Amino acid sequence: LKIIMKNDSLDNYESQEWRLRLRFLADITFATAMTIMILNIEIPDFGHITDTKELAVFLGKQLSNMWAFFIAFIVIAVYWMKHLEHYSSILIVNQTFIWLQILFLASIMLIPFWNTYISHFPDNIAIKIFLSANMVLVGLFSFLSVNYAANKKHRLIRSDVDEKKISESKKQILTEPIIAIIAAGLAFINVDLWDLAFILVPILFMARKKLTTIKYFKIIKSK
(Lines give C-alpha, C1' and ligand atoms only; values in the text may rest on other atoms or scores of the structure.)
Protein backbone atom coordinates (compact mmCIF):
# COMPACT_ATOMS: atom_id res chain seq x y z
CA LEU A 1 0.00 0.00 0.00
CA LYS A 2 1.54 3.27 -1.10
CA ILE A 3 0.55 6.36 0.86
CA ILE A 4 0.98 9.71 -0.84
CA MET A 5 1.13 12.67 1.51
CA LYS A 6 0.55 16.16 0.15
CA ASN A 7 3.14 18.85 0.81
CA ASP A 8 0.78 20.92 2.94
CA SER A 9 -0.06 17.89 5.08
CA LEU A 10 3.63 17.11 5.52
CA ASP A 11 4.41 20.71 6.48
CA ASN A 12 1.56 20.69 8.99
CA TYR A 13 2.79 17.41 10.50
CA GLU A 14 6.34 18.74 10.87
CA SER A 15 5.07 21.98 12.40
CA GLN A 16 2.99 20.11 14.95
CA GLU A 17 5.99 17.94 15.78
CA TRP A 18 8.05 21.06 16.51
CA ARG A 19 5.20 22.44 18.62
CA LEU A 20 5.02 19.27 20.70
CA ARG A 21 8.78 19.11 21.17
CA LEU A 22 8.85 22.75 22.30
CA ARG A 23 6.03 22.09 24.76
CA PHE A 24 7.89 19.13 26.25
CA LEU A 25 11.08 21.19 26.47
CA ALA A 26 9.18 23.89 28.40
CA ASP A 27 7.71 21.37 30.85
CA ILE A 28 11.12 19.80 31.45
CA THR A 29 12.75 23.21 31.95
CA PHE A 30 10.19 24.33 34.53
CA ALA A 31 10.41 21.00 36.35
CA THR A 32 14.22 21.15 36.33
CA ALA A 33 14.28 24.72 37.67
CA MET A 34 11.98 23.73 40.54
CA THR A 35 14.00 20.59 41.24
CA ILE A 36 17.30 22.49 41.33
CA MET A 37 15.84 24.88 43.88
CA ILE A 38 14.81 21.99 46.12
CA LEU A 39 18.20 20.29 45.78
CA ASN A 40 19.94 23.54 46.71
CA ILE A 41 18.27 23.51 50.13
CA GLU A 42 20.97 22.69 52.65
CA ILE A 43 20.17 21.07 55.99
CA PRO A 44 22.51 22.79 58.46
CA ASP A 45 24.11 21.12 61.44
CA PHE A 46 22.30 22.08 64.65
CA GLY A 47 23.56 19.33 66.96
CA HIS A 48 25.71 21.80 68.88
CA ILE A 49 22.68 23.87 69.96
CA THR A 50 21.47 23.03 73.46
CA ASP A 51 19.88 26.27 74.60
CA THR A 52 16.22 26.95 73.72
CA LYS A 53 16.86 30.59 72.88
CA GLU A 54 19.71 29.71 70.55
CA LEU A 55 17.50 27.16 68.85
CA ALA A 56 14.76 29.77 68.36
CA VAL A 57 17.25 32.18 66.76
CA PHE A 58 18.62 29.39 64.59
CA LEU A 59 15.14 28.37 63.37
CA GLY A 60 14.25 32.01 62.69
CA LYS A 61 17.27 32.32 60.41
CA GLN A 62 16.35 29.12 58.59
CA LEU A 63 12.78 30.33 58.08
CA SER A 64 14.19 33.46 56.47
CA ASN A 65 16.13 31.32 54.00
CA MET A 66 13.07 29.15 53.32
CA TRP A 67 11.03 32.27 52.66
CA ALA A 68 13.33 33.24 49.78
CA PHE A 69 13.00 29.71 48.38
CA PHE A 70 9.20 29.80 48.74
CA ILE A 71 8.90 33.12 46.89
CA ALA A 72 11.06 31.99 43.96
CA PHE A 73 9.30 28.62 43.75
CA ILE A 74 5.84 30.24 43.64
CA VAL A 75 6.98 32.77 41.03
CA ILE A 76 8.24 29.95 38.78
CA ALA A 77 4.94 28.09 39.32
CA VAL A 78 2.99 31.18 38.24
CA TYR A 79 5.18 31.51 35.15
CA TRP A 80 4.50 27.85 34.37
CA MET A 81 0.72 28.25 34.62
CA LYS A 82 0.81 31.38 32.47
CA HIS A 83 2.97 29.60 29.92
CA LEU A 84 0.39 26.80 29.72
CA GLU A 85 -2.33 29.37 29.10
CA HIS A 86 -0.40 31.15 26.37
CA TYR A 87 0.91 28.00 24.72
CA SER A 88 -2.56 26.47 24.56
CA SER A 89 -3.44 29.22 22.07
CA ILE A 90 -0.47 28.49 19.80
CA LEU A 91 -1.46 26.52 16.71
CA ILE A 92 1.89 26.27 14.97
CA VAL A 93 5.46 27.44 15.63
CA ASN A 94 8.32 28.72 13.51
CA GLN A 95 12.05 29.24 14.05
CA THR A 96 11.77 32.78 15.41
CA PHE A 97 9.12 31.79 17.94
CA ILE A 98 11.20 28.79 19.02
CA TRP A 99 14.23 31.00 19.70
CA LEU A 100 12.14 33.46 21.70
CA GLN A 101 10.85 30.56 23.78
CA ILE A 102 14.36 29.20 24.29
CA LEU A 103 15.51 32.60 25.60
CA PHE A 104 12.44 32.66 27.85
CA LEU A 105 13.26 29.21 29.23
CA ALA A 106 16.93 30.12 29.67
CA SER A 107 15.83 33.07 31.83
CA ILE A 108 13.67 30.73 33.90
CA MET A 109 16.67 28.46 34.53
CA LEU A 110 18.66 31.40 35.94
CA ILE A 111 16.16 32.00 38.76
CA PRO A 112 17.44 29.09 40.95
CA PHE A 113 20.99 30.39 40.42
CA TRP A 114 20.23 33.82 41.90
CA ASN A 115 17.97 32.35 44.56
CA THR A 116 20.85 30.22 45.86
CA TYR A 117 22.94 33.35 46.35
CA ILE A 118 20.04 35.08 48.10
CA SER A 119 19.72 32.17 50.53
CA HIS A 120 23.40 32.62 51.46
CA PHE A 121 23.42 36.44 51.39
CA PRO A 122 19.82 37.47 52.24
CA ASP A 123 20.76 41.10 52.95
CA ASN A 124 22.78 41.67 49.78
CA ILE A 125 20.98 44.29 47.68
CA ALA A 126 23.00 43.65 44.51
CA ILE A 127 21.96 39.99 44.29
CA LYS A 128 18.30 40.88 44.72
CA ILE A 129 18.64 43.54 42.00
CA PHE A 130 20.11 40.90 39.67
CA LEU A 131 17.22 38.53 40.39
CA SER A 132 14.76 41.36 39.72
CA ALA A 133 16.51 41.99 36.40
CA ASN A 134 16.22 38.27 35.67
CA MET A 135 12.46 38.45 36.31
CA VAL A 136 12.22 41.36 33.88
CA LEU A 137 14.00 39.27 31.23
CA VAL A 138 11.57 36.39 31.76
CA GLY A 139 8.63 38.74 31.26
CA LEU A 140 10.28 40.41 28.28
CA PHE A 141 10.84 37.18 26.33
CA SER A 142 7.36 35.95 27.27
CA PHE A 143 5.85 39.20 25.98
CA LEU A 144 7.92 39.09 22.78
CA SER A 145 6.81 35.48 22.18
CA VAL A 146 3.11 36.29 22.45
CA ASN A 147 3.50 39.54 20.53
CA TYR A 148 5.32 37.76 17.71
CA ALA A 149 2.80 34.90 17.62
CA ALA A 150 -0.07 37.42 17.37
CA ASN A 151 1.46 39.29 14.42
CA LYS A 152 -0.99 39.16 11.51
CA LYS A 153 1.82 38.67 8.98
CA HIS A 154 2.69 35.26 10.41
CA ARG A 155 -0.03 34.57 12.97
CA LEU A 156 0.76 31.48 15.01
CA ILE A 157 -2.22 31.77 17.36
CA ARG A 158 -5.48 29.95 16.71
CA SER A 159 -8.07 31.88 14.74
CA ASP A 160 -10.70 31.56 17.49
CA VAL A 161 -8.57 33.65 19.88
CA ASP A 162 -9.69 37.26 19.43
CA GLU A 163 -7.62 40.42 19.78
CA LYS A 164 -9.18 41.22 23.16
CA LYS A 165 -7.87 37.99 24.70
CA ILE A 166 -4.44 38.57 23.17
CA SER A 167 -4.35 42.11 24.58
CA GLU A 168 -5.33 40.84 28.04
CA SER A 169 -2.58 38.20 27.89
CA LYS A 170 0.03 40.83 27.04
CA LYS A 171 -1.05 43.00 29.96
CA GLN A 172 -0.91 40.02 32.35
CA ILE A 173 2.60 39.15 31.16
CA LEU A 174 3.80 42.60 32.24
CA THR A 175 2.65 42.02 35.84
CA GLU A 176 5.78 40.20 37.06
CA PRO A 177 8.31 42.54 35.36
CA ILE A 178 6.57 45.58 36.87
CA ILE A 179 6.59 43.96 40.32
CA ALA A 180 10.29 43.09 39.85
CA ILE A 181 11.13 46.71 39.02
CA ILE A 182 9.17 47.96 42.03
CA ALA A 183 10.88 45.37 44.25
CA ALA A 184 14.30 46.50 43.01
CA GLY A 185 13.50 50.05 44.03
CA LEU A 186 12.17 48.98 47.43
CA ALA A 187 15.35 46.98 48.09
CA PHE A 188 17.30 50.24 48.39
CA ILE A 189 14.91 51.32 51.14
CA ASN A 190 14.74 48.02 52.98
CA VAL A 191 15.77 44.56 51.76
CA ASP A 192 12.78 42.99 53.49
CA LEU A 193 10.45 45.05 51.29
CA TRP A 194 11.91 43.26 48.27
CA ASP A 195 10.59 39.96 49.61
CA LEU A 196 7.19 41.43 50.41
CA ALA A 197 6.82 42.91 46.93
CA PHE A 198 6.97 39.48 45.28
CA ILE A 199 4.04 38.27 47.38
CA LEU A 200 1.98 40.28 44.90
CA VAL A 201 2.83 37.78 42.11
CA PRO A 202 0.63 34.88 43.36
CA ILE A 203 -1.93 37.28 44.87
CA LEU A 204 -2.53 39.13 41.59
CA PHE A 205 -2.51 35.87 39.66
CA MET A 206 -5.22 34.36 41.87
CA ALA A 207 -7.17 37.63 41.88
CA ARG A 208 -7.93 37.37 38.19
CA LYS A 209 -11.60 36.88 37.38
CA LYS A 210 -11.03 33.45 35.88
CA LEU A 211 -8.30 31.24 34.50
CA THR A 212 -8.07 30.91 30.75
CA THR A 213 -9.23 27.50 29.57
CA ILE A 214 -6.12 25.40 29.09
CA LYS A 215 -6.66 23.09 26.13
CA TYR A 216 -3.44 21.33 27.15
CA PHE A 217 -5.64 19.36 29.57
CA LYS A 218 -8.61 18.99 27.24
CA ILE A 219 -10.00 15.45 27.19
CA ILE A 220 -11.11 14.20 23.79
CA LYS A 221 -13.92 11.69 24.13
CA SER A 222 -13.85 8.78 21.73
CA LYS A 223 -16.97 8.20 19.69
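First, the ground rules. The model is predicted, so local features need pLDDT of at least 70 and side-chain atom pairs count only at pLDDT 80 or more, while totals for chains, interfaces and linings use all residues. Residues are numbered from 1 along each chain as its sequence is written, and side-chain values use heavy atoms, with hydrogens and water left out.

I start with salt bridges, meaning a side-chain nitrogen of Lys or Arg within 4 Å of a carboxyl oxygen of Asp or Glu. A search of the whole structure gives 5 of them. Helices here are DSSP runs of H or I with at least four residues, numbered from the N terminus; strands would be runs of E with at least two.

In helix H1, residues 7–39, Arg 21 and Glu 17 sit 4 residues apart, about one turn of the helix. Their closest N and O atoms are 3.2 Å apart, and the two form a salt bridge. An α-helix has 3.6 residues a turn, so residues three or four places apart point the same way. For burial I use relative accessible area with a 1.4 Å probe and protein chains only: buried is under 20%, exposed is over 50%, and partly exposed is in between. Arg 21 is exposed because its value is 55%. Glu 17, at 29%, is partly exposed.

The next pair is Glu 176 and Lys 82, a salt bridge with closest N and O atoms 2.9 Å apart. Glu 176 belongs to helix H6, residues 175–187, and Lys 82 to helix H2, residues 52–87, so this pair ties together parts 94 residues apart in sequence. Both Glu 176 and Lys 82 are buried.

Lys 128 and Asp 195 form a salt bridge too, at 3.3 Å between the closest N and O atoms. This pair links distant parts of the chain, with Lys 128 in helix H4 (residues 125–149) and Asp 195 in helix H7 (residues 191–197), 67 residues apart. Lys 128 and Asp 195 are both buried.

Now back to H6. Which of its residues are buried? They are Glu 176, Pro 177, Ile 179, Ala 180, Ala 183, Ala 184 and Ala 187. Down the axis of H6 these fall within an arc of 160°, so they line one face of the helix. The arc is taken over the directions from the helix axis to the C-beta atoms.

Helix H5, residues 163–173, has Ile 166, Ser 169 and Ile 173 as its buried residues. Their arc is only 60° around the axis, which puts them on the same side of H5. The face turned away from that buried side carries the exposed residues Lys 164 and Lys 171.

What does His 86 touch, not counting residues up to four places away in sequence? The list is Ser 142, Val 146, Ser 169 and Ile 173, where contact means heavy atoms within 4.5 Å. His 86 is buried, at 12%.

Last, Ala 72, also in H2. Ala 72 is buried at 3%, and leaving aside neighbours within four places in sequence, it contacts Met 37, Ile 111 and Asn 115. The C-alpha atoms of Ala 72 and Phe 198 are 8.6 Å apart, although 126 residues separate them along the chain.
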